[in-house]
Amino acid sequence: MLKRRDFISGAATSVGAMTVLSSETVTAAPAPTVSLNVIYPNHDAARFDTSYYKATHIPLAMKVMKAVSVLLIEGVPMGTAAAPYAMIAHFQFASSEAVKAALANPAMAEVRADVAKFTEIKPTVMLGKSL
């Protein structure tokens with residue numbers, strides 16, 4: 001039986017690029033139930049500095065938000081069609097209270113200000129829940 005994690009890893013190596021970062025070692029802890037998804041739509045002449053994003057912005061966001069983990073999905077072209085999204089960041093939290101605390105943290109102003117250093121794309125932000 002193909003596990004979800006095996007499917008995602010296999011899809012990433014054959015279709016696009018994906019990175020998973022965690023704030024703690026993988027253990028038998030309960031699965032996160034709430035997510036904050038930051039989606040950067042792609043457009044002609046869009047600038048997105050993936051190296052800066054991964055090396056600087058994401059560690060800052062993880063430190064401030066204290067998310068359980070983050071899954072980064074970099075958009076790649078399909079044939080001759082450009083990727084519809086430059087990047088999707090899927091931050092996972094243990095509870096809705098943890099997301100609320102993250103978003104209320106005054107240091108989020110620094111995270112938001114840092115966006116201009118890697119892109120001019122205005123992201124879409126979506127809250128989600130694991131099913």
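Biologist: Which are the buried residues of H2?

Modeller: This is a predicted model, in which local features need pLDDT of at least 70 and side-chain atom pairs count only at pLDDT 80 or more, while totals for chains, interfaces and linings use all residues. Residues are numbered from 1 along each chain as its sequence is written, and side-chain values use heavy atoms, with hydrogens and water left out. Buried means under 20% relative accessible area, exposed over 50% and partly exposed in between, with a 1.4 Å probe and protein chains only. Helices (H or I, at least four residues) and strands (E, at least two) are DSSP runs numbered from the N terminus. In H2, the buried residues are Thr50, Tyr53, His57, Ile58, Leu60, Ala61, Met62, Val64 and Met65.

Biologist: Where does a kink lie in H2?

Modeller: The bend at a residue is the angle between axes fitted to the seven residues ending there and the seven starting there. In H2 a kink of about 35° lies at His57, shortly before the proline Pro59.

Biologist: What is found at the start of H2, and which residue follows H2?

Modeller: At the start, a side-chain oxygen of Asp49 comes to within 3.3 Å of the backbone nitrogen of Ser51. Lys66 follows H2 and has a positive phi, near 55°.

Biologist: How many aromatic pairs are there?

Modeller: Rings of Phe, Tyr and Trp (its six-membered ring) pair if their centres lie within 6.5 Å; planes under 30 degrees apart count as stacked, over 60 as edge-to-face and the rest as tilted. The count by this rule is 7 aromatic pairs. One of them joins Tyr40 and Phe118, and is edge-to-face because the ring centres are 6.0 Å apart and the planes stand at 70°. Tyr40 is in strand S2 (residues 34–41) and Phe118 in the loop between helix H4 (108–114) and strand S5 (124–129), so this pair ties together parts 78 residues apart in sequence.

Biologist: Is Phe118 buried or exposed?

Modeller: Phe118 is buried, at a relative accessible area of 0%. The rings of Phe118 and Tyr52 form a stacked pair, because their centres are 6.3 Å apart and their planes at 25°. That pair links distant parts of the chain, with Tyr52 in helix H2 (residues 50–65) and Phe118 in the loop between H4 and S5, 66 residues apart.

Biologist: Which residues do ring pairs link into a cluster?

Modeller: The cluster consists of Tyr40, Phe48, Tyr52, Tyr53 and Phe118.

Terms used. Polar contact = N/O pair within 3.5 Å; in protein donor to acceptor, adjacent residues only side chain to side chain.
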